[in-house]
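Reader: I am new to this structure. Please take one residue and show me closely where it sits and what surrounds it.

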Amino acid sequence: MAVALVAIGGLVGTVCRYLLSSALPFGSLGSIMLINGAGSFIIGVLVKQDTSFMWALLAIGFCGALTTFSMMALDCVKLIQQEKWGPFLLYVFGTNSVCIIGCWLGILASKFVGSWR
């Protein structure tokens, strides 16, 4: 049952992300920032939900598809609340660095696999 809920939420989240990023007038980065902020807000609201139904459908499925940033934001807030400043800083800078470097390396690798646009 949980897998079905995640799948349904993911489908809706993916479609919402596509529609929002196509419709918002802020350009790619502005739209992504707004969508990531909205997803982070939604998962922040959902963290107090006690039901596995709501968590699977909306947090993991919907927010996970809308933005993976929402889960990172939740993890960061938990580390801040626990006053674990070292792990918090490592997680924030490490995750962003790894993702940016990974994307950059992927773009470089794409030149060997095929043409970039």
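Author: Helices here are DSSP runs of H or I with at least four residues, and strands are runs of E with at least two; both are numbered from the N terminus. The model is a predicted one. By that definition, the protein has 5 helices and 0 strands. Along the sequence the pattern reads α-α-α-α-α. The C-alpha atoms fill a box of roughly 50 × 35 × 30 Å along the principal axes. The protein has 117 residues, and 24% of them count as buried.

Now to S70. This residue belongs to helix α4, which spans residues 69-81. Its relative accessibility is 1%, so S70 counts as buried; the cut-off for buried is under 20%. A polar atom of the S70 side chain lies 3.0 Å from the backbone oxygen of T67. Setting aside neighbours within four places in sequence, S70 touches G39, S40, I43 and C63.

Next, helix α2. It covers residues 27-46, and its axis comes within 8 Å of the axis of α4. The two axes cross at roughly 55°. That angle makes α2 oblique to α4. The crossing is right-handed. From α2, the contact draws on N36, G39, S40 and I43. From α4, it draws on F69, S70, M71, A73 and L74. By class, the contact of α2 with α4 has 5 nonpolar residues, 4 polar ones and no charged ones.

Last, the wider view. Take the contacts in the protein between residues at least 6 apart in sequence: 54% of them join residues at least 24 apart.

Technical notes. Residues numbered from 1 in each chain as written. Predicted model: local features only at pLDDT ≥ 70, side-chain atom pairs only at ≥ 80, totals over all residues. Heavy atoms only, no water. Buried < 20%, exposed > 50% of the residue type's maximum accessible area, 1.4 Å probe, protein only. Polar contact = N/O pair within 3.5 Å; in protein donor to acceptor, adjacent residues only side chain to side chain. Contact = heavy atoms within 4.5 Å. Axes fitted to C-alpha atoms, helices over the stretch in contact; angles between N-to-C directions. Parallel < 35°, antiparallel > 145°, perpendicular 65-115°, else oblique. Left-handed = near helix turned anticlockwise from the far one by under 90°. Nonpolar A, V, L, I, M, F, W, Y, C, P; charged D, E, K, R; others polar.
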